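Please walk through this structure with an eye on its charged pairs, its surface and its helix packing.

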Amino acid sequence: MKIGYARVSTSDQKTELQINALKIAGCERIYEEKESGVKKDRPELINCIKSLREGDALIVWKLDRLGRSLQHLIEVISDLESKNIGFQSITENIDTTTSTGKLIFHIFGSLAEFEKDLIRDRVNAGLDAARKKGTKFGRPSALSEKEKDLAVNMYEGGATKIDIARHFCVTRQTIYSLLKKRVE
């Protein structure tokens, strides 16, 4: 069975063009949604995917109607493929029920993985360069070095951890962590 999925981003937009194309492609059932593609929780897409059975094919007018990103698109289609469900995109002429369509989609997947690796490498290189320049990452310390020394002295003088935390207006966990590093 061919099942279609049509989506527009806002309620002002119309799905007529997509629905007509899906009907011409032979879809027996069409799920229609008016949600942003960025949203992870799209009820009609979830219902559409749940309705698919082995041997069925999910058909969309265009790839961007289905996936939020290339990575998301690959995840959805790989999940369909693992259940022996085909996928077709009318505009891009991709059909994973054919060997050529599977090849093209796997090339897309490889390119997405390559892009992800490049981004990770660039981020790591940027972080390394920033560290070499002396940039500090993470949340700033709640206490200055002088305050830390004073907190330790207060503790060694008999003050409770809770009293020290109240004195410096910090959480008890801040004092517990400090004393664990410096005293205990």
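How far apart are Arg166 and Asp163 in helix α6? They are three residues apart in α6 (residues 161-168), so about one helical turn separates them. Helices here are DSSP runs of H or I with at least four residues, strands are runs of E with at least two, and both are numbered from the N terminus.

This is a predicted model, in which local features need pLDDT of at least 70, side-chain atom pairs count only at pLDDT 80 or more, and totals for chains, interfaces and linings use all residues. Residues are numbered from 1 along each chain as its sequence is written, and side-chain values use heavy atoms, with hydrogens and water left out.

Arg166 and Asp163 form a salt bridge, with their closest N and O atoms 3.9 Å apart. The term means a side-chain nitrogen of Lys or Arg within 4 Å of a carboxyl oxygen of Asp or Glu. Arg166 is exposed, at 61% relative accessible area. Asp163 is partly exposed, at 40%. Buried means under 20% relative accessible area, exposed means over 50%, and partly exposed lies in between (1.4 Å probe, protein chains only).

The whole structure holds nine salt bridges. Side chains of opposite charge can pair when their charged atoms come close. Another pair sits in helix α4 (residues 99-132), where Asp128 and Arg131 are three residues apart, about one turn of the helix. Their closest N and O atoms are 3.2 Å apart. Asp128 is partly exposed at 40%, and Arg131 is partly exposed at 48%.

Arg182 and Glu145 form a salt bridge too, at 2.8 Å from N to O. Arg182 lies in helix α7 (residues 172-182) and Glu145 in helix α5 (residues 145-156), so this pair ties together parts 37 residues apart in sequence. Arg182 is partly exposed, with 36% relative accessibility.

Now turn to helix packing. Helices α6 and α7 pack at about 115°, with their axes 8 Å apart. Axes are lines fitted to C-alpha atoms, for helices over the stretch in contact, and angles run from 0 to 180 degrees between N-to-C directions. From α6, the contact uses Lys161, Ile162, Ile164 and Ala165. From α7, Arg172, Ile175, Tyr176 and Leu179 take part. Contact means heavy atoms within 4.5 Å.
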